[in-house]
Amino acid sequence: SMGKRSLAQYMTTLTKVHEQVLVWSDLGELDHSKESLEKIVQRLLSTILQLAPIYQNQGVEQVVDRQFGLLVEIFSLAAYRAHDHGLVSDLCKACEDKHSESDKSAVVSMGKLLSKLLRRFQDHVVSCRVIELLSILSAEADSILSILTKFTEASLGSAYKVSDGLHLPEPFLLFKISAEAEATSPDAEAGLVASSFSNLLALSASTFNARKNQHVFVHTALTHWCALTLTKGNVNRFLVEMSNALASFMTRTFVAASLEVQSRKRRDDYPGLNRQSYARFFEFLLVMACTSAALIKPTNMKKVSCPLQVFGRLLTTYHSYHDHFLQRSYLTIITSASDMLKVCENHMKSCIGRPEAELSLISSLSSKIALLCKEDALSHHRPKAAARSIISQCENVNEYIRCNSPSPQLPGSPKRKWIDSSVTNGSIKRKKKPC
């Protein structure tokens, strides 16, 4: 095993390697240093495997974290700087004991090796590093996505420790899915998809670019959602489970705890969903639900009902526990609600036939959004201009439903009696437009 002196020497070596990688990145000469990179990657992986049996020893965790961090950095640079030259595949092939039949088989072998490492390192640092590496490899071999999906699902339900000073990068897979979705979306939906992903990328940047961010659970959940979306997995079930877990956590933490009632642990609880992560996780769930709805083609309104229900359930959770959320959460609600209302309008106007159940769901959601924005603007001194804009959108959605609903019993525009004129900018006095 390594002693303190050898550990210190190895850390010095890693620092020099890190500096060299940065030099290659700045000069754009990553391709010309392929042989050196291959040797570095081989050494890093070899040492990680050697350190696995003594990972719990003092000082070893820091070394392993630096090694995985360098691997992520090298493979990220290879993916961004030399994607067309197959450098990621070359690095994977260099780590195999024998020649691979193809580049993809080498990538898959590397993915399987990485997925096995978590069994040896019961630590969220390693978990997140492996997730990032698998995300990068998935750009070279689609079969890696199935490995990644299982890996992230297992990580969400695992209770691993989090090292001090952990800094997570923005999820690589988020950039991949964003680019693919915007490139493949029809012109009619391209704007909605781009807007939803823009909000998601902005939220990701503000979360993971913060110094010493500890949002491990959020990082894993976001990557898992990306993987499910790319593989056409059961995104709806994931969103439902996560929204239920959040509601359960809020009740157990802020209601049962205040009443000194011991609540039983539920199946939908996750160790990483705690007091440090729930507020940001709520924001990401909102935007993920909205983005999932935007990605659904408006041919059948029934397909969009689940994201709408999840979005409404999240708003109910916020309304019940608004004092326990961040002030910025309200801004996330405003932006995501605006996009969700646009998605609803697009589905209502584009689909053939208008099912009564889905129209009722949309009407209920738009009324809930309007009421929430109105109450927050009045009770917590939020910007009233934003509330007026959202309420106007809600009125337009419900007015469209009133004019086009096959059933006269469906609700029309939100009832005017609870809309304050200072919030609606006097719109309470306007007459209904004829259909």
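This is a predicted model: local features need pLDDT of at least 70, side-chain atom pairs count only at pLDDT 80 or more; totals for chains, interfaces and linings use all residues.
**Entry: overall make-up.** I went through the secondary structure and found 17 helices and zero strands in the protein chain. Of the 435 residues in the chain, 52% are buried. I then looked at contacts with a separation of 6 or more, and 78% of them join residues 24 or more positions apart. The accessible surface comes to about 20700 Å², and carbon and sulfur atoms hold 49% of that area.

**Entry: confidence.** I checked the pLDDT next. The chain has a mean of 76, with 69% of its residues at 70 or more. Among the helices, confidence is highest in α12, at 95, and lowest in helix α17 (residues 421-424), at a mean of 46. I noted that residues 1-5 stay under 50, and that the model gives them five contacts beyond four places in sequence. Residues 412-435 are below 50 as well, but this stretch has 48 contacts in the model beyond near neighbours in sequence.

**Entry: aromatic pairs.** I counted 11 aromatic pairs. For Y318 and F325, I found ring centres 5.4 Å apart and planes at 40 degrees, so I logged the pair as tilted. I also looked up which residues they group with: Y318 and F325 belong to one aromatic cluster together with F249, F254, Y278 and F282.

**Entry: salt bridges.** How many salt bridges does the count give? I get three.

I took R280 first. R280 bridges to E283, with the closest N and O atoms 4.0 Å apart. Both residues sit in helix α12 (residues 278-295), three residues apart, or about one turn of the helix.

R328 is partly exposed, because its relative accessible area is 27%. I wrote R280, E283 and R328 down as a network of salt bridges.

The remaining entry is R402 with E399, whose closest N and O atoms are 2.8 Å apart. Where do R402 and E399 lie? Both are in helix α16 (residues 384-404), three residues apart, about one turn of the helix. R402 has a relative accessible area of 33%, so R402 is partly exposed. E399 is at 14% relative accessibility and so counts as buried.

**Entry: looking back at α12.** Helix α12 has the highest confidence of the helices, at 95.

Technical notes:
Residues are numbered from 1 along each chain as its sequence is written. Side-chain values use heavy atoms; hydrogens and water are left out. A salt bridge is a side-chain nitrogen of Lys or Arg within 4 Å of a carboxyl oxygen of Asp or Glu. Helices (H or I, at least four residues) and strands (E, at least two) are DSSP runs, numbered from the N terminus. Buried means under 20% relative accessible area, exposed over 50%, partly exposed in between (1.4 Å probe, protein chains only). Contact means heavy atoms within 4.5 Å. Accessible areas come from the Shrake-Rupley method with a 1.4 Å probe; for residues, only the protein chains shown count as cover. pLDDT is the predictor's confidence in each residue, from 0 to 100. Rings of Phe, Tyr and Trp (its six-membered ring) pair if their centres lie within 6.5 Å; planes under 30 degrees apart count as stacked, over 60 as edge-to-face and the rest as tilted.
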